[in-house]
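Here are my notes on the model you sent, as numbered points. They are meant to be read with the structure open.

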2 protein chains.
Amino acid sequence: MKVLIILGHPNNESYNHAIAQTCVSQIEANGHSVLFHDLYAEHFNPLLSLDTEAENTELDNQIKTHREDLMNCDGIIVIHPNWWGQPPAIIKGWLDRVLSPGVAYQFVEKDGKHVLLGLLKAKNAIVINTSNTPSEAGDNLLDSIWTDRVFKFCGINNVECKNISVIKDCDVSQRNKWLAEIKEMMNTYFGQK
Amino acid sequence: MKVLIILGHPNNESYNHAIAQTCVSQIEANGHSVLFHDLYAEHFNPLLSLDTEAENTELDNQIKTHREDLMNCDGIIVIHPNWWGQPPAIIKGWLDRVLSPGVAYQFVEKDGKHVLLGLLKAKNAIVINTSNTPSEAGDNLLDSIWTDRVFKFCGINNVECKNISVIKDCDVSQRNKWLAEIKEMMNTYFGQK
């Protein structure tokens, strides 16, 4: 299988990066391939402009690669901190620019009506997010956005959201425990070939 | 009163721009002042970096101005299209970078616990968003994010969200009808001095 991993955190030494590394290592150890994008490291431009909205011919190579990876993967993992009950702007911009009509979804005529058709072939999507606010632990709003507004729209019905909280001030053993849980998640979704 | 207006749409000729212009005109006609920010026109950088996260002394002037306007206003209006059940990346980045701790909220010690304190003095917040997907009309998830995850967190409890849909293919008379409703909203919240 090919698994796409999208990471959006500005600090290379963040716990989000440790989570991403755990995902990459375990999926590869299980014999699958990983398409890994650290959006801050790539200097991903999150701003949908009129140009990119218009048509695909003049798109920059970065967006072309992202769209190809998205269309070709069998599973998707998104890793980000919970900022204002939402993903950071860099992840939001990945949605705005990469998941375009004709790539992630399209509307088709059926019996005179416009019907939504999800285009992604990935079977599973996993969203792992971290937060420092106890009240955001198990953030149902954030989970619903990813599940109902994003992935179901693109045809992916099997979505798992894992909220990790409170990151700040938590000790190493707790952090390692969460990483072990994530390793187990990887085995469940992308187990030994 | 001073009313802050934040607009996030890439197309100068968009209906979002017409909405913003209606808000500006009516609020000024009623004798109040407007602090207007068209984020795309300003080339607003939406990416929170480690530098900006760190401390305020080295912040660029753009963010300083935004924070001052946010702290000094009596009302806030945010205007954006609904993309993936969320605001566009440029609006998300405005939240990430401008609404920082010490500006929009802070945690204080009280009886040995960390308690959230909203810092904004604005009494009202209005969010106006447009969408092309009928199913997103009256998008409760988006409304809850703005109301519960953003503005209540900053101490603003009086929040109204207006979802306008379907924009695409709708005729001029419908567009004018919505603009008239928005003008009325401005009179309700920011009426004659």
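1. In chain A of this predicted model, strand β6 (residues 124-131) and β7(A) pair in the parallel sense over 8 bridges. Two strands count as paired if DSSP finds at least two bridges between them. Thr130(A) has Ile164(A) of β7(A) opposite it. Helices (H or I, at least four residues) and strands (E, at least two) are DSSP runs, numbered from the N terminus.

2. On conventions, residues are numbered from 1 along each chain as its sequence is written, and chains are lettered from A and ligands numbered from 1 in the order in which they are written. Because the model is predicted, local features need pLDDT of at least 70 and side-chain atom pairs count only at pLDDT 80 or more, while totals for chains, interfaces and linings use all residues.

3. Where do β6 and β7 sit in the sheet order of chain A? The order is β2-β1-β3-β6-β7, in an open sheet of 5 strands with parallel pairing. β2 (33-38) and β7 (158-165) of chain A are the edge strands, each pairing on one side only. Neighbouring strands are turned by 15° against each other on average, direction ignored. Axes here are lines fitted to C-alpha atoms, for helices over the stretch in contact, and angles run from 0 to 180 degrees between N-to-C directions.

4. Helices pack on this sheet. Helix α1 (residues 15-29) of chain A touches β1 (2-7), β2, β3 (75-81) and β6 of chain A, and its direction makes about 175° with that of β1(A). Helix α6 (residues 172-189) of chain A lies across β3, β6 and β7 of chain A, at about 170° to β6(A). Two residues are in contact if their C-beta atoms, placed from the backbone, lie within 7 Å.

5. Now the whole of chain A. It has 6 helices and 7 strands, which follow one another as β-α-β-α-α-β-α-β-β-β-α-β-α. The C-alpha trace spans about 55 × 35 × 35 Å along its principal axes. A compact globule of 193 residues would have a radius of gyration near 16 Å, and the 17 Å of chain A agrees with that. The radius is taken over C-alpha atoms, and the globule rule is 2.2 Å times the number of residues to the power 0.38.

6. Of the 193 residues of chain A, 42% count as buried. A residue is buried if 20 or more other C-beta atoms lie within 10 Å of its own, exposed if 12 or fewer, and partly exposed in between. Among contacts in chain A with a separation of 6 or more, residues 24 or more positions apart account for 79%.

7. How is chain A placed relative to chain B?

8. The contact between the chains takes 23 residues from chain A and 23 residues from chain B. On the side of chain A that touches chain B, α4 (89-98) and α5 (140-151) each supply at least two residues, and α4(A) gives the most, with 6 residues. That side divides into 14 nonpolar, 6 polar and 3 charged residues. Ala, Val, Leu, Ile, Met, Phe, Trp, Tyr, Cys and Pro count as nonpolar, Asp, Glu, Lys and Arg as charged, and the others, Gly among them, as polar.

9. 6 bridges join β4(B) to strand β5 (residues 113-118) of chain B, and the two run antiparallel. Tyr105(B) has Gly118(B) as its bridge partner in β5(B). The hairpin has 2 residues between its strands, and Asp111(B) takes a positive phi near 50°.

10. Last, a loop residue. Asp169(B) lies between β7 (158-165) and α6 (172-189) of chain B. Is Asp169(B) buried or exposed? Asp169(B) is exposed, with 7 other C-beta atoms within 10 Å. Its C-alpha atom is 9.1 Å from that of Asn132(B), 37 residues apart along the chain.
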